[in-house]
Amino acid sequence: MKIYPVVLSGGSGTRLWPLSRAALPKQLLALVSEQTMLQDTVQRVDGWPEMAAPTFVCGNDHRFMIAEQLREIGVKPLAIVLEPQGRNTAPAVAAAAQVLLGRDPDAVMLILPADHVITDVAAFHAAVSRAATAVEAGALATFGITPSAPETGYGYIRRGRAQEGAEGCYKVDSFVEKPDLETARKFAADDAYSWNSGMFLFKARDYLDELQIFRPAMAAAVRSAVDKAYSDLDFCRLDETAFAESPSESIDYAVMENTRKAVVVPADIGWSDVGSWHALWEVLDGDANGNVVRGDVYLDGVSNTLVRAESRVVAVLGVQDLIIVETDDAILVTHKDKVQDVKKIVDHLKESKRSEHLHHKRVYRPWGSYESVDAGDRFQVKRIIVKPGEKLSLQMHHHRAEHWVVVSGAALVTRGDEVKLLSENESIYLPIGVTHRLENPGKLPLHLIEVQSGSYLGEDDIVRFEDVYQRT
């Protein structure tokens with residue numbers, strides 16, 4: 001049996017603000033190991049003899065970061081499918097199923113969210129192997145996590161009778177919504193209940209057949225979106241109009257709660273969806289006092305606390321049971337019992353039309369990154385890093401002039417009709433309205449300081465004439 005891993009990377013991870021933001025969500029961050037959560041997810045299935053190269057479903061804004069993170073770990077994806085807009089997991093899985101059926105009519109899909117933690121990989125492999133037996137006979141398998149506590153933040157699955165011919169697999173009796181604490185305690189004490197992990201194994205054709213029965217409008221919209229899909233560099237871009245016609249619904253509501261083919265594989269695999277700062281504190285190793293520390297941190301008289309410092313020293317004295325997260329433009333301090341309310345902060349930032357929920361001070365682009373150093377009335381200073389061999393778009397600005405100073409590396413600058421090669425400590429002035437482009441022709445990163453001046457300095461004051469990344 002050939003298994004095709006499908007990694008869903010469309011979440012925003014708002015409950016892990018201020019580290020996780022819309023432009024850099026938690027799956028693209030190194031939260032649990034030295035690698036990002038997406039990289040850990042990919043390497044969890046990399047090297048299995050029966051596993052194909054992974055397929056990804058993600059949004060447009062994250063496509064280049066995902067491609068770069070895969071390149072860093074030496075993984076070539078089978079496909080990266082771009083959703084024009086988020087429509088929840090059922091359409092995303094359907095799109096991946098349609099794409100895979102175009103390659104293999106017998107494709108079996110292993111659906112994996114990009115932002116989960118699994119510490120017992122061997123047990124995970126064994127659970128997939130058990131599920132494969134039932135899937136071969138036409139079942140749609142989900143993985144139920146053995147509860148370690150009365151968790152109110154997860155949905156539950158109640159298992160029924162054993163599945164004939166598939167050891168360790170059980171018919172799904174029912175899916176249960178997130179319970180209150182008293183009910184969760186009863187579930188945790190009853191081995192018939194498992195946490196709903198959001199991971200699945202089934203044949204692509206079987207999933208689409210069930211989707212056609214229970215959500216025919218969704219099936220038709222996604223099928224049309226894939227039929228009209230087009231290539232954009234190395235990405236498969238779904239048709240925008242057709243995909244927008246699909247209802248937005250999770251795979252649980254659309255298919256798994258309706259089908260008679262659902263089976264659950266109970267699994268004790270050291271799983272967490274890292275859905276909050278408290279959950280992250282639980283999965284990371286702490287010191288003798290239960291403290292989890294990352295970055296430049298000083299503690300005295302502190303216990304059972306997570307402290308993460310990204311840009312400066314953080315000193316904490318005489319407290320317990322707190323979450324403290326520092327970034328270069330925001331600080332979060334909360335009791336561990338209140339971490340589910342972090343989403344309220346993000347909602348407030350949205351309503352206030354602020355930007356701290358969207359991106360960090362360092363903003364990533366396919367060619368590298370830029371970071372705001374200083375800003376004031378009619379001026380802004382940025383630090384720009386261009387990766388070797390990459391180039392920005394050929395562009396101009398209506399409202400600002402720019403002055404570039406090379407700090408290190410080499411810069412090939414197009415300014416109007418002239419092309420100049422700049423080295424360290426050299427600079428160039430770009431007047432308002434002049435067409436220009438920045439390239440790094442060298443083998444080392446280009447570091448450059450940009451000073452902007454003018455009446456309007458927003459990122460939307462960019463007119464692109466040519467772009468190797470095909471951005472509009």
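1. A pocket is an open set of points on a 1 Å grid over the protein atoms alone, with protein on both sides within 12 Å along at least five of seven lines, and its lining residues have an atom within 4 Å of a point. Grid points are joined across faces, edges and corners, and a volume is the space filled by probe spheres set on the points.

2. Please keep in mind that this model is predicted: local features need pLDDT of at least 70, side-chain atom pairs count only at pLDDT 80 or more, and totals for chains, interfaces and linings use all residues. Residues are numbered from 1 along each chain as its sequence is written, and side-chain values use heavy atoms, without hydrogens and water.

3. Now to the second largest pocket, whose volume is about 1,400 Å³. It is lined by 48 residues, and Phe64, Met65, Glu68, Gln69 and Glu72 lie closest to its centre.

4. Which helix gives the largest share of that lining? Helix H2 does, with 8 residues (helices are DSSP runs of H or I with at least four residues, strands runs of E with at least two, numbered from the N terminus). At least two lining residues each come from H2 (63-72) and from strands E3 (79-83), E11 (235-237), E20 and E21 (368-376).

5. Strands E20 and E21 also belong to an open sheet of 6 strands, ordered E20-E21-E22-E29-E24-E27 with antiparallel pairing (two strands pair if DSSP finds at least two bridges between them). At its edges are E20 (362-365) and E27 (427-430), each pairing on one side only.

6. Within this sheet, E22 (residues 379-386) and E29 (residues 446-454) are joined by 8 antiparallel bridges. Val386 has Leu446 of E29 as its bridge partner.

Key. 1 Å grid on protein atoms, 1.4 Å probe; cavity = no way out; pocket = protein on both sides within 12 Å on 5 of 7 lines; lining within 4 Å.
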